[in-house]
Amino acid sequence: MVKTVVATGTSSGLGLEAIQQLLHQPEPYHFILGVRDTITTQTSYDRLDWDRNVHTVTVLPLDLLSLPSVQSFAENVRSRLGPHKLNYLFLCAGMLDSADGPGPHGSPWCAGLVVNHLAQHYLMHLLRDSLSASQSRVVVVSSGAIRNVRGQDPATLDVDLKANSKAGVRAVYSASKFVQLLGAFYWRRQLPSCTIIAVSPGLIPNTKLASSMGLSMDMPDAKSIPEGARNLLRAFAANDLPSDPEQIFLTSWGEWWPKDVYALALDQDLQRKWCWTREEIERAEWFAAV
């Protein structure tokens, strides 16, 4: 049986490497990849060595800074799925940016929050029926940076993630990835038929995102891109799921993080605050103005 993977953030770096590793597996996959630059990405996959008789790769346009683009991508995905199952949703996209200047398309939120959380959260709303019917596995690429919310105070999220807040790249990245983790817990409750796993690739200095943060391979525990991708793919195959439904974070060394590490993210009121409904997102003035 062909397994279908819908993915974001697979045009380069860890995402591209993870898909490439799956393309070398004997079991057949159909990949539906949402990317901003479809031409360059298609060329990258065309150059890879993989068996076209076993796997298929479909590259579709997706700009996570534009929620109408997310709508179009979701419509394309549903059309291409037809009666087939959506086995995996791989949310690998991420960006590193400071909160300088206006938000994308007039959003009150900075680009880091829109890409790292809001757009992919909206995508899950749009694919909700397919995910539920397919009993999909949702793999959320997270980060140890979720522990670095400023002052360990969730109230700082309201400040740092606003457009033009002047928050630096590290503050925005930590805050937005923490909110993304809130989303993983939100969807764990909303989609009880699905398996939701947050997974960290580890410290991967050779990605564009990490190099922008000044990370290097001589740092302790630094890992290569292929190793980081293998860490992510553990979440595809893991069957040793903890009995506690709130223990969903798979570390880069293959263990499940104890809940006390991310205790701040277990607050259901906080999860609801940052995980807007589909209707709330689509009613927003800045959404309608795009």
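Predicted model: local features only at pLDDT ≥ 70, side-chain atom pairs only at ≥ 80, totals over all residues.
- Seven strands are named here in the order E3-E2-E1-E4-E5-E6-E7, forming an open sheet of 7 strands with parallel pairing.
- At its edges are strand E3 (56-61) and strand E7 (249-250), each of which pairs on one side only.
- E5 and strand E6 (residues 195-199) run parallel and are joined by 5 bridges.
- Two strands pair if DSSP finds at least two bridges between them; helices (H or I, at least four residues) and strands (E, at least two) are DSSP runs, numbered from the N terminus.

**Helices on the sheet**

- Helix H2 (residues 38-47) lies across strand E2 (29-35) and E3, and runs at about 165 degrees to E3.
- H4 lies across strand E1 (3-8), strand E4 (88-91) and E5, with an angle of about 165 degrees to E4.
- Axes are lines fitted to C-alpha atoms, for helices over the stretch in contact, and angles run from 0 to 180 degrees between N-to-C directions.

**Helix against helix**

- Two packed helices are described by the angle between their axes and the distance between the axes.
- For H4 and helix H7 (residues 169-190), the axes come within 7 Å and cross at roughly 15 degrees.
- H4 and H7 are therefore roughly parallel to each other (angles under 35 degrees count as roughly parallel, over 145 as roughly antiparallel, 65 to 115 as roughly perpendicular and the rest as oblique).
- The H4 and H7 crossing is right-handed; a crossing is left-handed if the near helix is turned anticlockwise from the far one by less than a right angle, and right-handed if clockwise.
- On the H4 side, the residues that meet H7 include Leu113, Asn116 and His117, while Tyr173, Ser176 and Trp187 are among those in H7.
- Helix H3 (residues 67-81) packs against H4 at an angle of about 35 degrees, with the axes 10 Å apart, and this crossing is also right-handed.
- Among the residues where H3 and H4 meet are Phe73 and Arg78 in H3, and Tyr122 and Leu126 in H4.

- Asn116 is found in helix H4 (residues 111-126) and counts as buried at 1% relative accessibility (buried means under 20% relative accessible area, exposed over 50%, partly exposed in between, with a 1.4 Å probe and protein chains only).
- The side chains of Asn116 and Ser176 make a polar contact of 2.9 Å (a pair of N or O atoms within 3.5 Å; within protein, one must be able to donate a hydrogen and the other to accept it, and residues adjacent in sequence count only if both atoms are side-chain atoms).
- His30, in strand E2, counts as buried at 17% relative accessibility, and its side chain has a polar contact of 2.4 Å with that of Thr56.
- Thr156 is in the loop between strand E5 (137-141) and helix H6 (157-160), and counts as buried at 10% relative accessibility.
- Leaving aside neighbours within four places in sequence, Thr156 is in contact (heavy atoms within 4.5 Å) with Val149 and Arg150.

Key
Residues numbered from 1 in each chain as written. Heavy atoms only, no water.
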